[in-house]
Structure formats: structure tokens, C-alpha cells
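Please keep the model open while reading.

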Amino acid sequence: MAETASLPLVSLPNKMATVKVLAESPGLSSIPSTYTFPKNESDKKSSVSDTEYDDNLIPVIDFSLLTSSSPEVRSIIINDLREACQKWGFFKVINHGVPEILMKEMMEECKIFFDLTEEEKGEFEGKHVLDPIRSGTSFNASVEKVFCWRDFLKVFVHPQFQSPTKPCGFREISEKYCKRTREVARELLKGISESLGLEASYIDKTLNLNSGLQLLIANLYPPCPQPDLAMGLPPHSDHGLLTLLTQNGIGGLQLQHNSKWVNVDAPPNSFLVNTGDHIEILSNGKYKSVVHRAIVNSKSTRISLAIANGPSLDTVVCPAQELIDNESQAPAYKGMKYIEYLELQQSNRLHIKSCLDRVRLLNLINI
């Protein structure tokens with residue numbers, strides 16, 4: 001069972017200073033060379049706002065229509081989900097039913113956590129990359145040559161709920177928040193399942209979502225004196241099925257679309273949702289996980305909160321046999337146990353789709 005799956009032990013390096021401490025250093029006017037990312041000249045030229053992308057605006061999914069009792073209304077929104085997953089791998093969710101006050105309280109608890117003393121946060125430092133509660137900096141400093149301008153808190157919140165003991169309100173608020181977002185994610189996955197021509201419950205049952213992994217990931221991106229040189233998180237795709245993201249009103253998320261980096265604007269009280277590698281695997285490449293990154297700025301602290309939703313840890317994820325049979329295609333990915341994939345990503349450098357590339361079986365150009 002997923003609840004008893006043993007987590008691989010990948011050791012972390014000795015504690016390094018957080019970016020928050022570095023950013024608050026008196027008189028800091030430049031960043032250490034260890035935080036300087038190589039940049040392509042095309043990066044600046046290809047960045048556009050989603051509001052500038054008039055011919056291909058980022059899709060918006062009205063969650064209330066997905067739960068409608070009207071077959072006609074549901075059919076329309078299922079088609080919208082299909083378009084979003086095929087063309088973008090990303091969409092914004094509105095009218096999702098998670099109370100706005102709960103979303104604000106959760107964001108505030110994340111801020112309070114990052115404002116704890118370094119000693120207090122150090123209590124949750126963790127010893128291995130898959131410890132159920134882990135506070136740290138960058139992504140995986142043990143293998144990185146260049147560090148991310150980012151501090152983080154990662155917590156396993158399902159199937160067994162975990163929480164740091166500080167701040168005092170974190171446990172209660174995060175338990176409520178994660179339960180509500182898990183409900184939203186599972187309903188979205190029913191719609192995605194239908195959009196693939198499968199039964200609504202196919203993903204839920206096949207990937208054992210009753211014991212599915214849910215991760216709470218809070219990210220802190222302090223002001224950076226040289227934002228053009230640093231990176232909050234480099235280009236990557238997410239493991240798992242769906243990631244639901246909110247932020248504190250400060251932008252910084254960019255996604256790759258048609259060879260351009262698109263700046264993502266978030267409507268109030270919405271979720272920014274991206275498809276993960278295991279949607280790409282299950283759909284046999286019909287839907288793609290989206291490559292995205294986090295950039296930083298010189299003026300404001302950005303906090304983002306990502307809730308990652310995946311299969312149960314012991315589930316072997318491979319292309320849906322029904323899709324293979326119905327579309328007369330060969331499997332494009334080999335099966336791999338989710339816990340092994342998770343450990344592979346978390347114990348290496350974050351780099352585009354490097355983990356997904358390890359399970360590909362053929363070229364997907366024509367899929």
C-alpha cells in the first residue's frame with residue numbers, strides 16, 4: 001500500500017545559508033557567482049504577457065460548470081479541458097469553491113513560516129530529499145553547480161497528513177486547505193479522464209488516488225539585486241498529475257508556449273494549474289506536461305504555494321491500455337513506479353524534462 005511505501009534515502013548536503021538571509025545582507029548590491037544562471041539571448045526577446053497573446057490566450061476553466069448536472073454544459077467544459085491540455089498543458093481555474101479567506105489564511109501561514117528565525121526553520125531541515133517535512137534553499141544543493149534564488153518548505157500532506165509544528169496555526173489551516181484543493185484536483189482529473197475518452201473514474205481508480213500523494217510546496221523568492229542573472233527555479237516540468245498554484249499577488253511564473261516564455265497573470269481567487277509528467281505518460285503523449293520556470297525581481301518578495309497531486313507511491317504509471325488499443329499506437333513510455341520517478345527527479349538537477357526523457361520509448365513528433 002502507498003501508506004507503507006519506503007522512501008529512498010538520498011542524503012542532503014550540510015546546511016547552507018538561506019536566500020532570505022543572503023537577500024537581507026546589509027548593502028547587498030550583487031549576487032554571488034554561485035547564483036548566476038547562464039541565459040540565452042532569446043530569453044528576453046521571447047517573453048510576452050498572456051494578455052499580449054491575443055491569438056492564444058491561456059485557457060480559463062470555470063470549475064462550477066465542470067460540476068454541473070447538465071450533460072450539455074459538462075460536455076462543453078470537458079472539451080475546453082481537452083483543448084487546454086492539448087495546446088497548453090496549463091489553465092486557470094475560477095469558481096472552484098475553495099473559500100477566498102482560506103486561501104488568504106494559507107498564504108499568510110506560509111509567510112509566517114518563512115519569517116521564523118533560521119534556528120526555528122532549521123528544526124525542519126530534513127536529512128533526505130523525500131523526508132515528509134523539509135525546509136531548505138535552492139532545489140537540490142547537493143548536485144547543483146548554480147543555486148536557485150529560492151527558499152522552500154515541502155510537506156507530504158496525503159495519504160498521511162504531516163505538518164511543521166511552527167507556526168502554531170499552520171497545521172489546522174493547511175489540513176483544511178489541502179483537503180479542499182485535493183477535492184478540486186480529483187474533480188479536474190475526472191474531467192481530464194473523460195476528455196481522453198476514458199471513464200470519468202479511470203485516472204482515480206487506476207492510479208489509486210484514494211492513497212495518492214499530495215505535496216504542499218511553499219516557495220519564497222526574496223528581492224534580488226540582479227534579477228536578470230538569477231533564477232527562482234529553472235525551466236522544468238512537474239512530476240505527478242496536476243499542480244495547483246497560488247501566489248501572493250506578485251508575478252514570476254512563466255510557461256513555455258510555442259517557443260516563447262509567457263508571463264502568467266493570475267485572476268483573483270483563482271488556481272493556476274499545470275499538467276504533470278504523469279498525465280503525459282498516461283495519455284501516451286496526447287497531453288504534454290508544460291515546461292515552466294520562476295523568475296525573480298528586485299523590488300518585491302514573491303511567495304507561491306504549489307499543491308502537487310500524484311498517484312499513490314506504489315503505482316506503476318504507464319500509458320493507458322485503452323488509449324493504446326483504441327488509437328492503434330505503440331506505448332511511448334515505459335512504466336515506472338511513481339516513488340522511483342519522484343526520487344529520480346528530487347535527487348537530480350532540475351532541468352527541463354530530463355526525468356521524463358528517461359522513460360520515453362520513441363520519438364513523439366507525430367503524436
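Is asparagine 284 buried or exposed? The first point takes this up.

1. Asparagine 284 is buried, because its relative accessible area is 1%. Buried means under 20% relative accessible area, exposed means over 50%, and partly exposed lies in between (1.4 Å probe, protein chains only). The residue sits in the loop between α9 (277-282) and β12 (292-294). Helices (H or I, at least four residues) and strands (E, at least two) are DSSP runs, numbered from the N terminus.

2. A word on the source. This is a predicted model, in which local features need pLDDT of at least 70 and side-chain atom pairs count only at pLDDT 80 or more, while totals for chains, interfaces and linings use all residues. Residues are numbered from 1 along each chain as its sequence is written, and side-chain values use heavy atoms, with hydrogens and water left out.

3. Look next at asparagine 258. Phi is positive here too, near 50 degrees, in a residue other than glycine. Its place is the loop between β9 (253-257) and β10 (260-263). Asparagine 258 is exposed, because its relative accessible area is 52%.

4. Two cis peptide bonds deserve a check. One runs from histidine 158 to proline 159, with omega near 10 degrees. The other joins lysine 166 and proline 167, with omega about -5 degrees. Proline 159 lies in the loop between β5 (151-158) and α7 (170-195). Proline 167 is also in the loop between β5 and α7.

5. Now the cysteines. Cysteine 168 is exposed, because its relative accessible area is 81%. Cysteine 224 is buried, because its relative accessibility is 0%. A search of the whole structure finds zero disulfides; a disulfide is a pair of cysteine sulfur atoms within 2.5 Å.

6. Helix α11 (residues 338-346) is largely enclosed by the rest of the structure, because seven of its nine residues are buried. These are Tyr338, Ile339, Tyr341, Leu342, Leu344, Gln345 and Gln346. Their cover includes β4 (133-137), β5, α9, β15 (336-337) and α12 (354-357).

7. The largest nonpolar core has 65 residues. Such a core is a set of buried Ala, Val, Leu, Ile, Met, Phe, Trp, Tyr and Cys residues joined through side-chain atoms within 4.5 Å. Phe91, Leu188, Ile192, Ile203, Leu216 and Leu305 have the most contacts inside it. α7 gives the most to this core, with nine residues. Apart from it lies another core, of 22 residues, among them Phe90, Val129, Val264 and Leu313.

8. Leaving aside neighbours within four places in sequence, leucine 216 is in contact with residues including Met106, Leu153, Val155, Phe170, Cys178 and Leu305. Contact means heavy atoms within 4.5 Å.

9. How do α5 (residues 100-114) and α7 pack, and at what angle do their axes cross? The axes come within 9 Å and cross at roughly 130 degrees. Axes are lines fitted to C-alpha atoms, for helices over the stretch in contact, and angles run from 0 to 180 degrees between N-to-C directions. The two helices are therefore oblique to each other. Angles under 35 degrees count as roughly parallel, over 145 as roughly antiparallel, 65 to 115 as roughly perpendicular and the rest as oblique. On the α5 side, the contact includes Leu102, Met106 and Cys110; on the α7 side, it includes Phe170, Ile173 and Tyr177.
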